[in-house]
Amino acid sequence: MAKQKNKSSTMIKLLAKRNIIHNKIKAMFSLVTIVLATSLIMGLSVFESCYKTDMIRGVEGQPQVEFIGVTFEQSKAIQSDSEVESSSVKEVDGAYDIQVNVVDARKMTQLGFVTAVENIADRAEVEGTHIQKNAAFINTLPEGGLINSENLLILLIGILVIIVSALVVYNVFYLAIVSQIKEFGQLKALGMTEKQITRMTKYESKMLCFMGIPIGLVIGSIFGRSFYPNGWSWTKAVIIGIFVSFIVYRAVRMSIMKPTKLAAKVSPINALKFTGDNDFKQKGKTTRLKRKLSPMNIAFISIRTNWRRFAITVVSLGISGLLFTLASVYISSVDVESIVKKGVYKYGQYLIQPLVDDADEYIAGKEIVSDIESMDGVKSVKQAREIEAVWAYGSSSVDDQASVIREVDFVDIASELVEGDVSYQSLVNGNMVLMVEGLEDIHVGDSVTMQLADKSEKTYVVGGMLTESLYSDTVLYGGWFVIPEELIDESERQNIKTTDMIVSIDKSKEDKVEGNLTELMSQNSYLNLTTFDEAVDAKRESFKQVSFALIGITIFLILFSIINFISTVIINLATKKQEFAVLQSIGMKKKEVEKMEVGEGIIIVVGSASVTFLFGNILGRFIIGALKNSGMFYLSYSFPTGLFVGYIISLLIISALVVLCIFRVLQQHSIVEQLRQSAI
């Protein structure tokens with residue numbers, strides 16, 4: 001009995017191999033689909049893994065957190081804390097700086113790490129102003145375990161890729177099995193059971209997976225590793241590969257369930273009657289007595305008759321096109337100019353910066369402001385001005401710089417106030433400064449002692465709180481505090497440094513102003529001039545890596561769409577060889593048959609284009625809107641009309657070429673030979 005079972009199993013495997021060899025078209029497109037799905041998911045996962053690993057390796061050896069200017073007792077308490085893994089202490093001017101690594105910090109989330117540091121500080125009674133967390137290290141930690149934005153994005157793309165690839169495999173297997181129904185009926189007539197036919201088709205898919213998945217893993221690994229080679233890890237790659245292999249394998253097996261049931265349940269008698277239309281279900285008859293049998297009308301009749309087959313093709317092609325469209329929407333919606341304008345260029349078109357860090361040069365830079373303002377076409381010159389400041393609150397003492405503003409500058413930052421109702425004059429009259437939010441121990445109304453430019457100490461009152469986005473929104477300001485110029489003694493104002501100058505001009509006189517500024521820079525070699533256009537070009541260059549990654553993903557998505565479409569067209573033509581021969585035998589010309597099939601391809605492309613355009617617009621607007629609301633201000637929805645039209649035209653051309661090529665092959669055989677040939 002066991003021997004007979006082994007023979008049966010061997011025969012099933014031989015038949016499955018024979019089907020793969022005989023049905024080359026089905027095998028080729030199924031294999032390519034599996035390779036693409038595996039390589040895309042593997043590539044994205046490896047890319048994310050290498051990116052994270054590269055970041056982690058970049059902070060190796062750096063302290064995770066530093067406690068600055070603490071007392072001897074506090075340093076001892078920190079060193080003996082149970083959550084401190086290792087520490088190093090350095091004495092500075094009677095105080096102590098301690099570099100600390102936290103126990104199991106690598107296993108924590110960002111919030112968990114920050115909480116652990118705060119717990120250490122609380123137990124040692126260290127105030128927040130003495131704590132400096134390593135931001136680079138914190139960025140290597142997950143935002144919230146496995147469910148974070150990066151992993152969710154990869155998961156979403158992976159699910160969409162699996163759906164598309166499953167539809168493609170389903171489509172290919174369905175059409176191929178339909179073409180083999182008579183053959184399956186013959187096998188059942190010879191004694192083959194439903195279970196054996198099911199095992200045979202499943203074994204086919206297993207063989208294709210065993211061939212395609214390893215190739216996809218290699219391609220995906222190479223693609224993902226190419227961006228961050230220093231982040232490559234064999235261990236992580238193997239774990240990711242096992243997971244991706246399992247997902248793709250299960251998706252393929254599930255996608256062939258329906259075609260497999262169709263193949264297994266067909267009876268020998270029904271197999272002889274089977275035409276491939278709607279799984280043996282009887283169609284309703286038309287009430288129309290006359291219909292014009294033009295090539296396009298016959299194409300519509302064929303689609304209505306085999307509506308399920310074409311619906312699957314339209315949906316799978318539409319989803320592939322949708323993924324391509326959404327990726328293109330993001331690329332086309334990134335407004336690089338708005339990113340640049342968010343910075344200093346919101347105030348003007350030219351940025352002047354000193355090339356050397358020397359107070360005398362900064363002072364000299366201040367003196368040329370009047371020369372720039374006097375140029376014809378210059379509307380204003382905005383200066384970013386700072387002064388060295390050591391500020392103290394309680395037992396805290398921090399070396400810093402403070403931003404120095406005038407009344408004209410206050411207008412720009414007044415909208416950034418989140419606490420305190422003050423004007424510029426009230427700040428001057430009340431001896432008040434503004435503080436950027438983020439210091440837990442200092443609040444509006446508190447007094448802060450400052451030593452400006454190594455001069456005598458002065459005490460100021462915190463009159464208002466500025467949002468922490470001040471730096472990203474205005475760029476010109478640095479340090480924790482903003483001081484009105486009038487509150488700085490005349491003797492100390494000479495130490496104010498002009499770090500940047502932003503020149504706003506009349507666009508109609510741009511060439512003249514730029515020439516004058518260039519000449520002025522040549523006379524002051526310590527200054528550097530950067531134009532808005534140069535800044536935009538530099539930002540585009542830095543954005544190239546992200547764009548390249550998206551373009552790579554888009555190429556995969558385009559291949560999915562094209563391969564799916566070609567497979568549908570070819571297999572559809574192959575399954576209708578005998579039908580074409582019948583049509584020609586009753587008087588239809590070859591050119592008319594070609595027009596009919598080209599028409600079917602056009603209908604499929606138009607249908608999928610409608611799906612892609614409709615949902616691409618809806619989802620594109622939703623995704624870009626959500627990303628913009630989350631803080632990605634540089635996104636402005638733009639539908640990639642050029643890319644979309646090019647994509648549709650490419651599909652139409654490919655459809656026509658495939659049809660014409662297949663018919664050239666068919667024309668090599670007589671009508672009688674085509675009637676006798678099997679489908680594939």
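Modeller: A residue is called exposed when its relative accessible area is over 50%, buried when this area is under 20%, and partly exposed in between. The model discussed here is predicted.

Biologist: Why is K507 called exposed?

Modeller: The relative accessible area of K507 is 52%. The cut-off for exposed is over 50%, so K507 counts as exposed.

Biologist: What makes the contact of K507 with E510 a salt bridge?

Modeller: A salt bridge requires a side-chain nitrogen of Lys or Arg within 4 Å of a carboxyl oxygen of Asp or Glu. The closest N and O atoms of K507 and E510 are 3.3 Å apart, and the pair therefore meets the rule.

Biologist: Why is E510 called partly exposed?

Modeller: Its relative accessible area is 22%. Buried would need a value under 20%, and exposed one over 50%; E510 is therefore partly exposed.

Biologist: What makes R123 and E83 a salt bridge, and where do the two residues lie?

Modeller: Their side chains meet at 2.7 Å, N to O, and the limit is 4 Å. R123 lies in helix 4, whereas E83 lies in the loop between helix 3 and strand 2, 40 residues apart.

Biologist: Why are strand 2 and strand 4 said to stand at the edges of the sheet?

Modeller: The open sheet has four strands in the order 2-3-1-4, with antiparallel pairing. Strand 2 and strand 4 each have a single partner strand, so one side of each is left without a neighbour in the sheet.

How values were computed
Residues numbered from 1 in each chain as written. Predicted model: local features only at pLDDT ≥ 70, side-chain atom pairs only at ≥ 80, totals over all residues. Heavy atoms only, no water. Pairing = 2+ DSSP bridges. Buried < 20%, exposed > 50% of the residue type's maximum accessible area, 1.4 Å probe, protein only.
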